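Let's take a walk through this structure together, starting with a charged residue and ending in the pockets.

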Amino acid sequence: MECDFDRLVVDDVSRHFGRRRALTRVSLTCGAGTILGLLGPNGAGKSTLLAILSTLLAPTSGQVRYGTFDARSAGPGLRGRLGLLGHDLYLYPELTARENLEFFARLYGLRHPRERVGRALAHAGLADRADDAVSGFSRGMRQRLALERALLHGPRLLLLDEPFTGLDDASGHALVSRLRGLRDEGAIVIAATHDLDLAEGLLDDVAILRDGRLLAVPRASGPLRERYRETLLAAAPAAAAPAAREEPAR
Amino acid sequence: MKQFLRVAWVVMRKDLTVEMRSREIVYTTVFFAASCVLVFAFALVREGRPLEDASAGILWIAIAFAGTLALGRTFERERHTETLRALMLAPSDRPAIYVGKLLGVLVLMAIVEAVLVPMVGLLFHAPVLARPLWLAALLAAGTLGFASVGTLFAAMLVRARSRDVLLPVLLYPITIPVIIAGVRGTAAIFQATPDEPMARFWAALLVFFDVVFVTLSLWTFEPLMTE
């Protein structure tokens, strides 16, 4: 069953791990052709939210709706429309770049896997290293390959956890252009990042999490870094100060 | 069904390709199983005469120990690279992933058994060629029963901190009926006069365990793997 959708609704989602509350009553909405930035200090709940959106983790309460579908009822059809680039890259180091992508192309049942993989390797700038084992790649090369793995099946919802990690300047800017292209094609992109400089100008909307709660972000224009800092300070001045001082990467 | 089998095949082929590159599991399990049989041979064979019925027991103990090692390592790889999450994201029925992993483990255990059986024959004077088809059937059915539960538990425990300790603790009590049936069935065909009716009885029991264990594993894999 093909489960395409053009809207993502997170409705009052909470997730607890034992007594620890990773997310508390988070609600947000995202439409097709949008890039949403998920910001917040370490341990704010960004990765937990991405895991829930990817259907890998079930919320303790609340629900996530992908258009008219939900994760439980749509199952495999819905997973075929999701792409996830996690902090761990989900690549097999013993396999070559080509074998990794071909494995995932076949796992997803894609037609013409060799052609798709060839294009993906070209996008990643790894065509000349296609037959080298991934264990010999730098972090940046792995990151580029992992992004192509996540995009191989043309997902509607792309979830990125720290997508700029390990990328050099040129690769970082290439990723920004790629994400803009995906937005123009109607994808919903949600990116958790600390790299506010690269995210500046890329994001259509911003959600800031702290201690598992979604904070109100001022609509006013201004540099993203300023808005981020002000939001954290406004939320809880005394407690937020250390978090606000935890500067995102420049 | 076609998609289910395709995904299982793709996962198994990937696991075997990775193993062919590293040869880590094959080397460690074969070495471990062979060492195990050698130690027992020194303990239980006196003046060239082995203890009665010992060969069947030693064979299955070595298979169970080596199988546990293979199961742990197979999923340790997926944990190390977090690739099990990527497999869980695939747009297919999740039990297909389980079947793919199970097939990969079965191939690895078959390689170990191909080394173990001649060793046991040689060191314990077991008549491994007396009823080769019965022996192959008992080994196949027993290995499937053991690996089906083991694959499920190894997948479940992949994020547990003490998974190396927990896997045998959980696996052996559940698979004891399989190991006992395997030992008794193999002992029946290793006798001076092979007892085929007895071997048939234990083989039938093993097939019954296989059906139960594989069905339960397919049924519980998806809910157990959803965090």
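Start with A:R98, which is partly exposed, with a relative accessible area of 28%. Keep in mind that what you're looking at is a predicted model. The side chain of A:R98 meets that of A:D131 in a salt bridge, at 3.0 Å from N to O. A:R98 sits in helix α4 (residues 97-107) of chain A, while A:D131 is in the loop between α5 (113-124) and α6 (139-151) of chain A, so the pair ties together parts that are 33 residues apart in sequence. A:D131 has 55% relative accessibility, and it counts as exposed because the cut-off for that is over 50%.

Why do such pairs form at all? Side chains of opposite charge can pair when their charged atoms come close. Over all chains, the structure holds 25 salt bridges.

Now hop over to chain B. Here B:R73 forms a salt bridge with B:E24, and their closest N and O atoms are 2.6 Å apart. This pair links distant parts of the chain: B:R73 belongs to helix α3 (residues 54-80) of chain B and B:E24 to helix α2 (residues 24-44) of chain B, 49 residues apart. B:R73 is partly exposed, at 30% relative accessible area, and B:E24 is partly exposed too, at 28%.

Another pair is B:D53 with B:R184, a salt bridge whose closest N and O atoms are 3.8 Å apart. It also connects distant parts of the chain, with B:D53 in the loop between β2 (49-50) and α3 of chain B and B:R184 in helix α7 (residues 163-190) of chain B, 131 residues apart. B:D53 is partly exposed at 38%, and B:R184 is partly exposed at 35%. Chain B has a network as well: salt bridges link B:K14, B:D15, B:E78 and B:K101.

The largest pocket has a volume of about 590 Å³. It is lined by 27 residues, and the closest to its centre are A:S47, A:T48, A:H87, A:D161 and B:R85. Two elements of chain A, β2 (20-31) and α1 (46-53), each give two or more residues to this lining, and α1(A) provides the largest share, 5 residues. By class, you'll find 9 nonpolar, 8 polar and 10 charged residues there.

The second largest pocket comes in at about 440 Å³. Of its 18 lining residues, A:T55, A:A58, A:P59, A:A71 and A:R72 lie nearest the centre. In this pocket, β4(A) makes the largest contribution to the lining, with 4 residues, and the lining divides into 8 nonpolar, 5 polar and 5 charged.

Definitions and conventions: Residues numbered from 1 in each chain as written. Chains lettered and ligands numbered in written order. Predicted model: local features only at pLDDT ≥ 70, side-chain atom pairs only at ≥ 80, totals over all residues. Heavy atoms only, no water. 1 Å grid on protein atoms, 1.4 Å probe; cavity = no way out; pocket = protein on both sides within 12 Å on 5 of 7 lines; lining within 4 Å. Points joined across faces, edges and corners; volume = space filled by probe spheres on them. Nonpolar A, V, L, I, M, F, W, Y, C, P; charged D, E, K, R; others polar. Salt bridge = Lys/Arg side-chain N within 4 Å of Asp/Glu carboxyl O. Buried < 20%, exposed > 50% of the residue type's maximum accessible area, 1.4 Å probe, protein only.
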